[in-house]
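Here are some notes for a colleague opening this structure for the first time. Please read them with the model on screen.

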Amino acid sequence: MKNLLIIVFSFCLSFSGFAKDGYELWLDYRPIENASLKSEADRLFSGFYFFGESPTYEAIRKELEISGQKFLGKDPGFSSERLSQTQVWMGTQEELSQVLGLDQQMQIRALGEDGYWRGPIDFQGKTYYAIIGNRPVGVLYGVFDWLKSIQTETFDPKLEKSDSPKVKLRMLNHWDNLDRTVERGYAGFSIWDWHKLPGYIDPRYIDYARANASLGINAVSLTNVNANARILTTDFMKKAKVLADIFRPYGIRVFLTARFSAPIEIGKLKTADPLDPGVIDFWKKKTDEMYSFIPDFGGFLVKANSEGQPGPHEYQRNHAEGANLLADALAPHGGILIWRAFVYSHELDEDRHKHANLEFEPLDGKFRDNVIIQVKNGAIDFMPREPFHPLFGAMKNTNLGIEFQITQEYLGQATQLVFLAPMWEEVLRSKTYRPNPSSTVAGIIDGSDSGQKLTLMAGVSNIGTDRNWTGHPMAQSNWYAFGRQAWNPDLTSEEIAAEWVKMTFGQNPGVNSKINEMLLSSHEAAVNYMMPLGLHHIMGWDHHYGPGPWVTGGRPDWTALYYHQADSLGIGFDRTASGSNALGQYAPELAKEWSDPKLIPEQYLLWFHHLPWDFELKSGRTLWDEIGLHYDAGVKSARKMQETWSSLESEIDPQRFDHVRQLLAIQVSEAEWWRNSCLLYFQTFAKRPFPKEIEKPEGDLEYFKSLSFPTAPGIRPRW
Ligand code: GCW
């Protein structure tokens, strides 16, 4: 027994060098192998110099210590005196000018408050490498970018680089409850340990901040939008303050979700009416108190009159009156009020697709300047593929932000590899035709088309207590991609995938091209085996895990039948003028094109059209056959990913290889389950044989319908 233990122990030791559990995320600095890069890094790491003092510089110093150890196996050198003996200069432009007595030639002011410049500087006969920002946080972003260039072996000391974010607020939204469950969370529990705060600081908080700062994420909302008013009590403010203090050096501001009925729940008032003087006073005092703990508090995020959340409608007030109440309380402190446009009510007898526009368009121009309306990327709900939300372009005098969902509620949760950058890219590139003929969603939310100054990209976090943070090891790529796209919505999915893969798996080009291929094909694969050709909202009831095209009962707009409308004649939701006319909410150019089933991109076909089973698609095949072919193609792509991954066994550390291998096997069986059950179900209406080219869907429809998943994670709390 003793011998066995020794063997097991030494086995673990000998493999510990290889074991990768994913905790390091993309900040997995490895020993530099390239000899010339190594000697260059060795030289630069020997002499860092900060031109000023700031807690952010302490954060940088810590990052250089971590990376120096991992890149080079030694501590970096920091010098505080002999400038001529230093190698890398860091500071703000102002600090540099003061110390050097130079008026900097570099015009980096144009880079704005978060931008950076890095490159060689000649001074008194010697060349230094400098990383400069307008604020310390710009320097931090520059340092992370520099470290990335070393990690990905692209660093060239002779080259200058400057960059700045296109979006002002790059924000994670946690849907974390105070009891640490996470709504739509598939990676364990909330990383915010409210019970042990403010006394205990989990080291994860710092690693979380590092990861976000490395991407330029500069705002986080800590709590679920299905909010608990208790977060606004003094006790919780003290806890939130600790997190805000930890995040501040990393350039991250804390936001909290505000429950609209908080004046009643924690303020002992009888009403939450936004025009009531007592309510106005409550929010003012609460907000002042919040700023006494967190002087740079970001503001509130609010979900109101949506899915049972309280809001101004209870008092016959509109969304602007509700939002402005909180915005006014925040304004004296420079705070921002983010109000969600994800609304749909029981009372409104209209296609759910139309609700947000019906409620918000008439309020255009009525929101305060410090309000941002946060709009989901599509009008229904984070479906595997959605046409962009028609509010983009429709509201011209209101700040609009976009909300993406990083957590994969409808995209395989934590059992499937689905890289979301291509989906977000598709939305961001979509032409809105408003306010200008060439406008895109990206241009609206980054202000270049809309002219708005207060810009926001928010992503619903996929982070939890799992050791690898995101449940599925490959889901880290989605956190990464979100941060990169929020920084620059014009980046391509290919660029982002390539960066992430190199940072996460190393420099082997053969391995990387295979992983890139898996990532880049994964979203289309999932759309195909889940909801192809514009089908939507046909997943399992409540937990949203797996297929459920047969779901009926309860609220019509929570059932699958409401959305696919399959009958003996055909399938799809008619949103043209002959149906709900949701298309009328888009720009006329788009409404015209998409009203024609022959012109609309086929990926949105059944989103907007109810068509006969024999309707002919561009391929010349019938709609029924194309549905079958798409489902089948999805399954085949999933199997291909599985094969590609298997071929990498000898190239990837065993721990991550095996983790992903097992999950891909689940993904393939889930893809087959989606295909078989959906096709068997739709066949009961279409009454046609399956196309010959596809594998015959197997299984028993009644069996699929009977499946239940009481342990599926992430279900919303029942109020
Ligand atoms: O996607 C739906 C989710 C809910 C979520 C809601 C929202 C936070 O199923 O769990 O609630 O959207 O975005 O508010």
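1. Asn581 sits in the loop that runs between strand E14 (570-571) and helix H18 (588-595). The model is a predicted one, and in it Asn581 has a positive phi of about 60° although it is not a glycine. Most residues other than glycine have a negative phi. The relative accessible area of Asn581 is 33%, so this residue counts as partly exposed.

2. Gln316 also has a positive phi without being a glycine, here about 55°. Its place is the loop between E9 and helix H10 (319-330). Is Gln316 buried or exposed? Gln316 is exposed, at a relative accessible area of 68%.

3. One leads from Leu197 to Pro198, with omega near 5°, and Pro198 belongs to the loop between strand E6 (169-173) and H6. Another leads from Arg434 to Pro435, with omega near -5°. Pro435 belongs to the loop between H12 and helix H13 (441-445).

4. Which strands make up the closed barrel? There are eight, in the order E6-E7-E8-E9-E10-E11-E12-E13, and their pairing is parallel. On average, neighbouring strands of this sheet are turned by 25° against each other, direction ignored. Helix H12 (residues 421-429) packs on the sheet, where it touches strand E12 (400-405) and strand E13 (456-460). The direction of H12 makes about 160° with that of E12.

5. Strand E9 (residues 299-302) pairs with strand E10 (residues 336-340) in the parallel sense, over four bridges. Within this pair, Gly299 stands opposite Ile336 in E10.

6. Helix H7 covers residues 234-247, 14 residues in number. From its first C-alpha to its last, H7 reaches 20 Å, close to the 20 Å expected at 1.5 Å a residue. The buried residues of H7 are Phe236, Met237, Lys239, Ala240, Val242, Leu243, Ala244, Ile246 and Phe247. What do they pack against? Their partners are helix H6 (203-215), strand E7 (219-221), strand E8 (253-257) and helix H9 (277-293).

7. The ligand has 16 residues around it, of which Glu183, Lys303, Lys376, Asp381 and Glu409 come nearest. For Glu409, an N or O atom of the side chain is 2.6 Å from an oxygen atom of the ligand. Arg340 places a polar side-chain atom 2.7 Å from a ligand oxygen atom. For Asn226, the distance from an N or O atom in the side chain to an oxygen atom of the ligand is 3.3 Å.

8. Strand E2 (residues 88-92) is largely enclosed by the rest of the structure, because five of its five residues are buried. Val88, Met90 and Thr92 point one way from E2, while Trp89 and Gly91 point the other way. In a regular strand the side chains alternate between the two faces of the sheet. Strand E1 (residues 48-50) runs parallel to E2 and is joined to it by three bridges, with Phe50 opposite Met90.

9. Leu533 lies in the loop between helix H16 (509-530) and helix H17 (560-564). At a relative accessible area of 6%, Leu533 is buried. Which residues does Leu533 contact, leaving aside its neighbours within four places in sequence? They are Glu602, Gln603, Tyr604, Leu605, Leu606, Trp607, Leu617, Leu623, Glu626, Ile627 and His630. Gln603 is 70 residues from Leu533 along the chain, yet their C-alpha atoms are separated by 4.5 Å.

10. Val551 is in the loop between H16 and H17. With 10% relative accessibility, Val551 counts as buried. Not counting residues up to four places away in sequence, Val551 touches Met539, Trp541, Trp558, Thr559, Ala560 and Leu561. Tyr57 is 494 residues from Val551 along the chain, and the C-alpha atoms of these two are separated by 55 Å.

Definitions and conventions. Residues are numbered from 1 along each chain as its sequence is written. This is a predicted model: local features need pLDDT of at least 70, side-chain atom pairs count only at pLDDT 80 or more; totals for chains, interfaces and linings use all residues. Side-chain values use heavy atoms; hydrogens and water are left out. Helices (H or I, at least four residues) and strands (E, at least two) are DSSP runs, numbered from the N terminus. The expected span of a helix is 1.5 Å times one less than its number of residues. Buried means under 20% relative accessible area, exposed over 50%, partly exposed in between (1.4 Å probe, protein chains only). Contact means heavy atoms within 4.5 Å. Two strands pair if DSSP finds at least two bridges between them. Axes are lines fitted to C-alpha atoms, for helices over the stretch in contact, and angles run from 0 to 180 degrees between N-to-C directions. A residue is near a molecule or strand if one of its heavy atoms lies within 4 Å of it. A polar contact is a pair of N or O atoms within 3.5 Å; within protein, one must be able to donate a hydrogen and the other to accept it, and residues adjacent in sequence count only if both atoms are side-chain atoms.
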